[in-house]
Amino acid sequence: MSELELPIDDDVLEMDFAGPTLEVGPDEDAHIDIPTELNVLPLRDSVIYPMLIAPLNVGRATGVQLIDESVVGQDRIIGVCVQRDPLTDEPGFDDIYDVGCAVIIRTLMKTPDQVRLIVQGIARFKVLERLQERPYLRAKVQQLEDLPVPESSAEEIEALRRSIAALFDQAVRLSPTMPDELRSLTTAVQEPSVMSDLVAAHVPMAVADKQKLLEMVELKPRMKRLLELLGKEVRVLELTSKVQSEVSAELSKTQRDYYLREQVKAIQKELGEDDGGVEDLEELRIKIEAAALPQEALKEVTREFERLKRINPGSPEYSVARTYVETITSLPWSKSTEDQLDLKRVRKILDEDHYGLEKIKQRIIEFLAVRKVKTDGPVRQPILCFYGPPGVGKTSLGRSIARAMGRKFVRLSLGGMRDEAEIRGHRRTYIGALPGQVLQSLRRVETNNPVFMLDEIDKLGNDFRGDPASAMLEVLDPEQNHAFRDHYVDAPFDLTNVFFITTANRLDTVPPPLRDRMEIIELGGYTEHEKLEIAKRHLVPKQVEDHGLTRDKIEFNDDALVYLVQHYTREAGVRNVNREIGSVVRRATLMFAEGRTRKLTVSKKFVEEVLGAPRFTHDEVDERERRPGVAIGLAWTPVGGDVLFVETTMMSGKKGLTLTGQLGDVMKESVTAALSYIRSNSKKLKVDPTFYDEHDIHVHLPAGAVPKDGPSAGVTMMTALVSLITGRNVKPRLAMTGEITLTGDVLPVGGIKEKVLAAHRAGVETVLLPYGNKKDYEEDVPDEIRKKLTVHYVKNAMQVLRHALEE
């Protein structure tokens, strides 16, 4: 009878027992009767058979205690049973099999965190009665003896033994994990029962199969079952060997190529030319699959990807093709954000961010209401154009709209853009070509339905490189932008989900076809009351926060803010108001930095100390001396409205007409038309018909360094000339606007809200407006301003003079 060591996984480990060990008694006869009560040690996934010598590694605290108490006795015998689930950390009797193997501890060595053993199997046993589970398992057991083999079965047992020996020899020969020394096992061990157990211990098989063999005490069925399992393992090993041989034959050339490629890569890496081509291609392939591209884009990028695989990574064409594939896969073809359709919440956010601007807020609410109601099919996105002077909040309003709708915001500044390729992209024939700014902006924001603000669309230029305004026609046309084709991408991209907002300070520089594609929403200048509310709600809190102060340290009086708005700013928006408030807060920050502790209340006096003497007088009109020949007009500028003083004088001469003040052609023609009307209607106007024969007339508009043009000063020119010729003063605090014709008709003009607000700021109390502008005045001018002004709507020059001149 021979004894062999068996390496067993996990709990049963091969170990080097060099160093001090504890020998537990001398060798005794292998035929040992096991006690009727045994301490039972659970093993995770190892089965030990009788006569098998195996190392064990015990790490559980309960297992260490079991070993310590077992070696104290003289028998040194314990029971080992395999766990049903190897992952159970604290197994009980229900977690182990009832049949195990009694083992004797031959060698023991302790380390700080575990106990290492060498044990030898003695006999099978079965648990009869559970005696204890804590601190370790202990049971009453029954030894299971092998049943005697009848003489009639001796030949069959021998045949089974030889078959097992032959198959085991074949398995050792085929298996890469079983050492060749095991081939001598079947010749060294002739007893069928012991040989069967040792073969079962060494052949790789499932723990449940090994446990089943341990539980079988009748030799013949056990050997048949082992032969069946061994035959299965040999067949698997033969098939594995066959497959490996075939694969090796097929891959011999591939392996050679692989080794050569690896050598080339190593050489390239040393030369600094390594670009990880294979990894790059695999990464690009994954990106293409994940991009959810439409059919045409997928076809185009697949064609380029197949071409990329054939290009040498060192070629310049490689980087061009690779950049194209990366660009295509990074575009948000199908990524979008969900709209926020809670209309009350949207309204609340818009009101929080901006004061007033009811028309725009209402338009956004209406669009979202359509999105909420219409659930079958796409909703056409509006293309809005916010038109108004600087500083009224056009750009910040776009951000607020995006926040209210729950969309991402992207802004593209068009000011000074002259190259059409900035919109449509460059063709791929050029080195360094890229998509246009429209698709690049969508790529950066990573969604196909952002709020897209095209800022300063009125400042697009053009030169020999093309006209960007013409390229914008396709972007902003809902009938075309569903298939926007960028020159670089060369595949249609759907822009219908994008919420486009454009901004402009003036519309006359925007081409009519482009203007026709947008819904124009005018943002007029703010009244003093609106500026006060904006300053209180937004500007002051932001400046206080930006300068590191709190509301507990600084507070602005309403009077101080009104004084600042009236005497230190003269604009339609609130940029300068914000700038001046920042100056005041900076001075306050300096005071606190120098040691001030009391709260500062900003008053008019403090504003004047910080900002100096007032720059503007609130009553600009009253400061002008009233005399015949002077009238007040109203002008529109890109930065808001303004009052325009028209001065005329007459001297001896011969029909001379001098115009000064940097007047444009249209304004010069207005003076000529007004003079012709006066001369042709001299009797009706009670003017000397010969006044022009003996005099020269000089018309001047102050602020001579500022260019002026437009027809809206026609009635002002006519009134100033009649006042000069007749010697009648223009009524005090009266201003006017309107275009005059040769027949004396007064035509409507634009910019009514800005002009009326400018008149109110300058101290005007009476305004003459063309009758055709009545609806503009009543719809656009706030009620608080209308209540403070007297307005006369005029249709012809005689009505203008009746309201404008004193008796």
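Let's start with pLDDT, the predictor's confidence in each residue, on a scale from 0 to 100. You need that score here because what you're looking at is a predicted model, where local features need pLDDT of at least 70 and side-chain atom pairs count only at pLDDT 80 or more, while totals for chains, interfaces and linings use all residues. Residues are numbered from 1 along each chain as its sequence is written, and side-chain values use heavy atoms, with hydrogens and water left out.

So how does the chain score? Its average pLDDT is 83, and 92% of the residues reach at least 70. Over residues 1-30, though, pLDDT stays under 50. The model still has 78 contacts beyond four places in sequence for that stretch, a contact being heavy atoms within 4.5 Å. Confidence is lowest in strand E2 (residues 22-23), with a mean of 34, and highest in strand E25 (residues 766-770), at 94. Names like these come from DSSP runs, numbered from the N terminus: helices (H or I) have at least four residues and strands (E) at least two.

Now for some charged side chains. The whole structure holds 44 salt bridges, each one a side-chain nitrogen of Lys or Arg within 4 Å of a carboxyl oxygen of Asp or Glu. In one of them, Arg 124 meets Asp 197 at 2.8 Å, N to O. That pair joins distant parts of the chain, as Arg 124 sits in strand E7 (residues 114-132) and Asp 197 in helix H4 (residues 192-202), 73 residues apart.

Asp 197 has another partner: Arg 222, with the closest N and O atoms 3.2 Å apart. Arg 222 lies in helix H6 and Asp 197 in helix H4, so this bridge ties together parts 25 residues apart in sequence.

Are Arg 124 and Arg 222 buried or exposed? Buried means under 20% relative accessible area, exposed means over 50%, and partly exposed is in between (1.4 Å probe, protein chains only). Arg 124 is buried at 3%, Asp 197 is buried at 3%, and Arg 222 is buried at 2%. Compare the bridge between Lys 459 and Glu 456, with its closest N and O atoms 2.9 Å apart: Lys 459 is partly exposed at 36%, and Glu 456 is partly exposed at 23%.

What about cysteines? The search of the whole structure turns up 0 disulfides, where a disulfide is a pair of cysteine sulfur atoms within 2.5 Å. Take Cys 101, which is buried at 0% relative accessibility. Its closest cysteine sulfur is in Cys 81, 9.2 Å away, and that is too far for a bond. Cys 385 is also buried, at 0%.

Leu 611 is in helix H20 (residues 604-611) and is buried at 12%. Not counting residues up to four places away in sequence, Leu 611 touches Leu 564, Tyr 568, Glu 580, Ser 583 and Val 584. Leu 611 and Leu 564 are 47 residues apart in sequence and 8.9 Å apart in space, C-alpha to C-alpha. Glu 474, in helix H15 (residues 468-475), is buried at 14%. Beyond its neighbours within four places in sequence, Glu 474 has contacts that include Arg 424, Gln 480 and Phe 484.
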